[in-house]
Number of protein chains: 2
Amino acid sequence: MLEKILPCTGWLRRYDREAFQGDLLAAVIVTIMLIPQSLAYALLAGLPPEVGLYASMLPLVGYALFGSSNALAVGPVAVVSLMTAAAVGEFAATGSPEYAAAAIALAFLSGLFLIVLGLLRLGFLASLLSHPVISGFITASGLLIAASQMKHILGISASGHTMPEIVGSLVAGIDQTNLPTLLIGIGATAFLFWVRKKLKPLLRKMGLGPLLADSIAKAGPVAAVIVTILLVDGFGLDQDGVKIVGDIPQGIPPLTMPPVDLDLWLDLLPSAILISIVGFVESVSVAQTLAAKRRERVSADRELLGLGAANIAAAFGGGYPVTGGFARSVVNFDAGARTPLAGVLTAVGIGFTALFLTPLFQNLPKATLAATIIVAVLSLVDLGALKRIWAYSKSDFIAMAATIVAVLGVGVEAGIILGVSLSLILFLVRSARPHMAVVGQVPGTEHFRNIKRHQVTTLDNVLSVRVDESLYFANARWLEEKLYDMAVADTKIKHVVLMCSAVNAIDASALESLEALVERLKTAGIFFHLSEVKGPVMDKLKDTHFLHDLTGKVFLSQQDAFNTLRQSQYRE
Amino acid sequence: MLEKILPCTGWLRRYDREAFQGDLLAAVIVTIMLIPQSLAYALLAGLPPEVGLYASMLPLVGYALFGSSNALAVGPVAVVSLMTAAAVGEFAATGSPEYAAAAIALAFLSGLFLIVLGLLRLGFLASLLSHPVISGFITASGLLIAASQMKHILGISASGHTMPEIVGSLVAGIDQTNLPTLLIGIGATAFLFWVRKKLKPLLRKMGLGPLLADSIAKAGPVAAVIVTILLVDGFGLDQDGVKIVGDIPQGIPPLTMPPVDLDLWLDLLPSAILISIVGFVESVSVAQTLAAKRRERVSADRELLGLGAANIAAAFGGGYPVTGGFARSVVNFDAGARTPLAGVLTAVGIGFTALFLTPLFQNLPKATLAATIIVAVLSLVDLGALKRIWAYSKSDFIAMAATIVAVLGVGVEAGIILGVSLSLILFLVRSARPHMAVVGQVPGTEHFRNIKRHQVTTLDNVLSVRVDESLYFANARWLEEKLYDMAVADTKIKHVVLMCSAVNAIDASALESLEALVERLKTAGIFFHLSEVKGPVMDKLKDTHFLHDLTGKVFLSQQDAFNTLRQSQYRE
């Protein structure tokens, strides 16, 4: 029982030395990876660098208490940081205390919303985000983030929340480019791409074990951080216009309270909902993939509670919205994390950093952090998916392309809303004009298929039609007209059989239309039958007077209908 | 060709004496019915009485030119008048010139919107209004309208757009009740109810023909109008506080122009869209019902153009939004209207009234008009539908009840928006958690049905599952988990067959989930097969690498799957 509320009580009871070794190694590697990332993502979110560290401490403990994944590494991530900047930027100026307070409020609201969803077991709401929409959203966000970081690489100022704004702003300021910054930026970016693509195979070839090779490769950003700090130190590059991170307050923040300001909360709520859902979808899919590899299970409703607790913790710990990170969780998993305690140990590592190591980062160039972000997000960009989805489904392609265009052209929130709305509308449009097939018997079988696709036998006074959709308000009237027209088009036809094998529901509007159809066909001297009506549909129909008014029969199978209507008394 | 653009050129060419006789008689009867109605509905819309007459002239000609129904009688109707009052009342004070101008702008925008829908052949959008939502909307609007007219019956002032507001306002003012007004109001209401329910049977019993009996009964409101005018005249009741219609300007209005005011247009646009769709849905269903009785056809897209033209004409003729009226169209049809010319003749009759008869209506008590409205709208109220729909479908009931509550409690526009949104969401929720059945063979047939509902044969190493829904983003992940859990729950199972007879589409998200499922089952040593995949679904699958990665086969029929998997080599 206790384990149901606090999953940690379960794994803590079974905890052993071997699990600890796995968790500890994973925590060390993730901590090293997380330090530059958390500084960089705070920068992306428009927040001071230390806020990234704060968002990487308490939230990890919150998730460890309530979450159900053994491998998920929670913390600041790129897409959520971008969404935070877009949301908070509307209500406060970057750098102001109101900005930081609004980011805390956003984390708090996200946390509450996730917990409410989890308690109501509404995790399935996340499934409204179709795969093409998520994929388009991530790709477009990656491009947007990479573009937004170019100003740090060039060492100029630029602003904007959409691609045209950002690009316009970059082009306008390009003559202000700072050469030392550009060299550091390009150097770091090139180095990090090389590390990501080439270093691991090289190390393997040199005889290192896979885990060690991977760990060294993942520490690439740390190397870039150290080298560029030393360059700034050595050559006094900050005097030459290279922008640096500057003073980072040392220590662990006191517990903060989210600002209680109902107007602000109402303003931020829509963004909090979007951030929660996007973060949840991203996170749960990583968690499920990793869990499946070890035959473990992750429950979507439990994940809602875990991420909710993490965000509430972020609010009280002076952070901003967090979620499970993709790359980080894979590293955590590969490094041997066995339980959520790996997350707690990572939090301890980050706490140690915040307490003692922040002075070391004073001379860290912002260009290095920008390079870290660019390399990380470009790996999320998958424009090839557009081509694959185009080949499979035009309507999925439309939803995906529209999401990308809207994210780049209008903004992240507009993009996600458009994508979800469009995929719902396209789904409805398809079911409003369903596929229909006139069917006949495949000779020698009891199988009935489309007369246009198969060699089949039909009866000339019987029209058998299969409608490939549930009958409901959006298609009821249209089907009524269509079936009537098909029936009266050929004067030989005396029976219409509606084959309901693909009809999963008949709503009240469709029932009304069916009644009208039976009546109209009756005046035309045509009998109307049903076949293969599914159990749940039949249960509902049998209490209506539709069955009473039906001029024909309800056949268990299309074969029954065929056999019965073939007999002479039905042939006039 | 010309007939396609202007349907009137078709019927005018075939026009003959017999058609004219039918049209003329219908026009006379409809005119008599329309005079009190048009005055009353203008009152309901918050407009001067003559505007009702104006809305009953040019729009009828506009519809006659472009519409396709031979029986539809266009003009002011109760629900649209109520919606006009709600929409225009937000932006202008009742009785002000701005109010009348906004009503004209509303008609113009509705007309444009209907024409655009018609040209784009988007008539199917109206099918998003499910039958329970329309039915609930009409019932609630009827109650709201009846309540709003009670102030005229009591002779007091009252206001409000929602039921609580109206009732509160009536209760607050009830001590101001004017006795002569109340007597006229109750008398007229009782008389009109008696006419509606009892007069026609009585006349038939006295030996009158059905058409004559009906025409006399429909003239009931005219009798009430004449008698109460004479009462006011004779006893000088207007001196006793009985509110009368007063001076109605004599003559036909000059052509008006809708005010060109972009801000106003933007403000009114959402209401114009709702009014257009509600008016269209009401109208097209009457037109189709009547057309079917004479084996004629009405095209939804043509009706959009006809009603669009009628509303544009209403704007230029000094009127307000119009649509086809239910009772009026039935009278028109029964009286023998053969072509839309009946509408033109009705317009001539109303024009004659506006030119010469308006002085006669000066002493008409508003209570009489209110009685006309109350009796007309209460016939639209169908609370019994709630019970019928409850018995058939709980989700349809929820949509209907929510629509009623929202219309009564918040307003007409909120009601329709909530109803449509709710029916869409309920539809999605249902398809997000589809019905599934484990199936077996009905012995001696090739038919496969639910093992829980039928006596069937199964193979103990094969799990055959039928999913009763298309596979798409909202249910993909859930189905993946569900199918996996079912497959691994019984260790004897070596084959899973997904029977796709009810799967009408597989979108990109679902394809992704199927691929994941195949992979997961493969690790568990279970083969995954498909059966009865529909043609259009197969067409899309065959270009993907899903089929290549599939561990099992795609069987034409479930029977094939059963026969093949029964063979020894599949039984280990």
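## Chain A at a glance

Chain A carries 25 helices and eight strands. Both are DSSP runs numbered from the N terminus; helices are H or I with at least four residues, and strands are E with at least two. This is a predicted model, in which local features need pLDDT of at least 70, side-chain atom pairs count only at pLDDT 80 or more, and totals for chains, interfaces and linings use all residues. Residues are numbered from 1 along each chain as its sequence is written, chains are lettered from A and ligands numbered from 1 in the order in which they are written, and side-chain values use heavy atoms, with hydrogens and water left out.

The C-alpha trace of chain A spans about 105 × 60 × 60 Å along its principal axes. Chain A has 572 residues, and 58% of them count as buried. Buried means under 20% relative accessible area, exposed over 50%, and partly exposed in between, with a 1.4 Å probe and protein chains only.

## Contacts, surface and charge

Take the contacts in chain A with a separation of 6 or more: 79% of them come from residues 24 or more positions apart. A contact means heavy atoms within 4.5 Å. The accessible surface of chain A is about 23300 Å², and carbon and sulfur atoms hold 65% of this surface. Areas come from the Shrake-Rupley method with a 1.4 Å probe; for residues, only the protein chains shown count as cover.

Chain A has 43 positive and 43 negative charges, with mean positions 10 Å apart. Lys and Arg count as positive, Asp and Glu as negative; His and the chain ends are not counted. Each charge is placed at NZ of Lys, CZ of Arg, CG of Asp or CD of Glu.

## Two domains

The domain assignment of chain A gives domain 1 (17–424) and domain 2 (436–570). Such bounds come from an automatic or database domain assignment. The C-alpha centres of the two domains of chain A lie 55 Å apart.

## Helix H19 of chain A

Helix H19 of chain A covers residues 394–409. Its 16 residues should span 22 Å at 1.5 Å a residue, and its end C-alpha atoms are 22 Å apart, so the two values agree. The expected span is 1.5 Å times one less than the number of residues. Just after H19(A), Gly411(A) takes a positive phi of about 145°.

The buried residues of H19(A) include Asp396(A), Met400(A), Ile404(A) and Leu408(A). The buried set packs against H8, H9, H18 and H20 of chain A, together with helix H22 (508–523) of chain B.

Ser464(B) sits in strand E5 (residues 462–467) of chain B. Ser464(B) counts as buried because its relative accessibility is 7%. Beyond neighbours within four places in sequence, its contacts include Val438(B), Val497(B) and Gln558(B). Ser464(B) and Val496(B) are 32 residues apart in sequence, yet 5.9 Å apart in space, C-alpha to C-alpha.

Thr139(B) belongs to helix H8 of chain B. Thr139(B) is buried, with a relative accessible area of 0%.

## Positive phi in chain B

Most residues other than glycine have a negative phi. Arg121(B) is not a glycine, but has a positive phi of about 55°. Arg121(B) is in the loop between helix H7 (97–119) and helix H8 (131–154) of chain B. Arg121(B) is exposed, at 60% relative accessible area.

Glu532(B), also not a glycine, has a positive phi of about 55°. Glu532(B) is in the loop between strand E7 (527–531) and helix H23 (535–541) of chain B. Glu532(B) is buried, at 16% relative accessible area.
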